[in-house]
Amino acid sequence: MTGPLLSVRDLEVSYGTIPAVRGVSLDVGAADRVAIVGRNGAGKTSTLRAIAGITPAKGGRIEYDGVDITRQAPGKRLARGLALVPEGRGLFGQLTVEENLVMGAYHRDLRGPALAEEMERVTERFPRVRERMSQLANSMSGGEQQMLAIARGLMTAPSVLVVDEPSLGLSPVLVDEIYELFAALSAEGTAVVVVEQYVALALRFARHAYVLDKGAVALAGDASELSANPDLVDVYMAAV
Ligand SMILES: Nc1ncnc2c1ncn2[C@@H]1O[C@H](COP(=O)(O)OP(=O)(O)OP(=O)(O)O)[C@@H](O)[C@H]1O
Ligand SMILES: [Mg+2]
């Protein structure tokens, strides 16, 4: 297998008759760091949701590890190693932190000591989460909930971790911590794909970047090259 781990070709997503994604193509390699940026309503979340299978693709093709997953159920994609931490975090608010983590691993058939060990391995990176295992998820602070959502994503043992707006509502210190974690994950072999409003931050982290505009890829390339492209800010990121 020499191609990209995740390959999206000519993806289309519509809500009713209104198109939100119009032919997006992107690649994610093993251990890659990829950023998707663009103004509000550009189609970033819709693209991620279609990749995860939560929103159906109206057209195009999504391949994971060489297999066509375009019509696969979200749970199957998760089991393959493709995990999404959604916008708004998608936690089970009335369940405890621990129960949310267990839900992350539900498809892995881990029990007893194996499950405890995995929980240990994942929460090692999130001391704030570990201290609150019996607290209800919806009583955690925004930053803690974001950490928990990412921790739950890691409980799926992903090869590709896709995170929609990781920095939303977080203090600068927490944002830095989260991006340090993403860099570490990538160094350990997990590809990380982020949708991010803080373009400078995203481009510093990423190897490859895609700028979406009106549901299409307006610019794509090496993150370092894109960050030097004046069109990025002047044309595609201008305040709306
Ligand atoms: N469930 C939905 N029903 C109808 N229209 C939707 C739905 N979800 C998204 N849209 C529309 O699709 C377009 C793309 O939305 P999307 O959430 O993908 O953008 P985004 O790039 O993630 O924006 P943001 O930066 O604000 O999160 C927008 O015009 C939005 O109004
Ligand atoms: Mg969004």
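Visitor: Which helix gives the most to the shell around ligand 1?

Guide: Helices (H or I, at least four residues) and strands (E, at least two) are DSSP runs, numbered from the N terminus. Here helix α1 (residues 44-52) gives the most, with three residues. This is a predicted model, in which local features need pLDDT of at least 70 and side-chain atom pairs count only at pLDDT 80 or more, while totals for chains, interfaces and linings use all residues. Residues are numbered from 1 along each chain as its sequence is written, and chains are lettered from A and ligands numbered from 1 in the order in which they are written.

Visitor: Which residues surround ligand 1?

Guide: Each has its C-beta atom, placed from the backbone, within 6 Å of the ligand. Among them are Tyr15, Asn40, Lys44, Thr45 and Ser46. The shell divides into three nonpolar, six polar and one charged, with Gly counted as polar.

Visitor: How many residues has the largest nonpolar core?

Guide: Such a core joins buried Ala, Val, Leu, Ile, Met, Phe, Trp, Tyr and Cys residues through C-beta atoms within 7 Å; buried means that 20 or more other C-beta atoms lie within 10 Å of a residue's own. The largest has 67 residues, and Leu148, Ala151 and Val162 are among those with the most contacts inside it. Helix α6 supplies its largest share, six residues.

Visitor: Why does this core lie between domain 1 and domain 2?

Guide: Because domain 1 (1-81 + 158-240) and domain 2 (89-155) both give residues to it; the bounds come from an automatic or database domain assignment.

Visitor: How many residues of α6 are buried?

Guide: In α6, 10 of 13 are buried, including Leu148 and Ala151.

How values were computed
A residue is buried if 20 or more other C-beta atoms lie within 10 Å of its own, exposed if 12 or fewer, and partly exposed in between; C-beta atoms are placed from the backbone.
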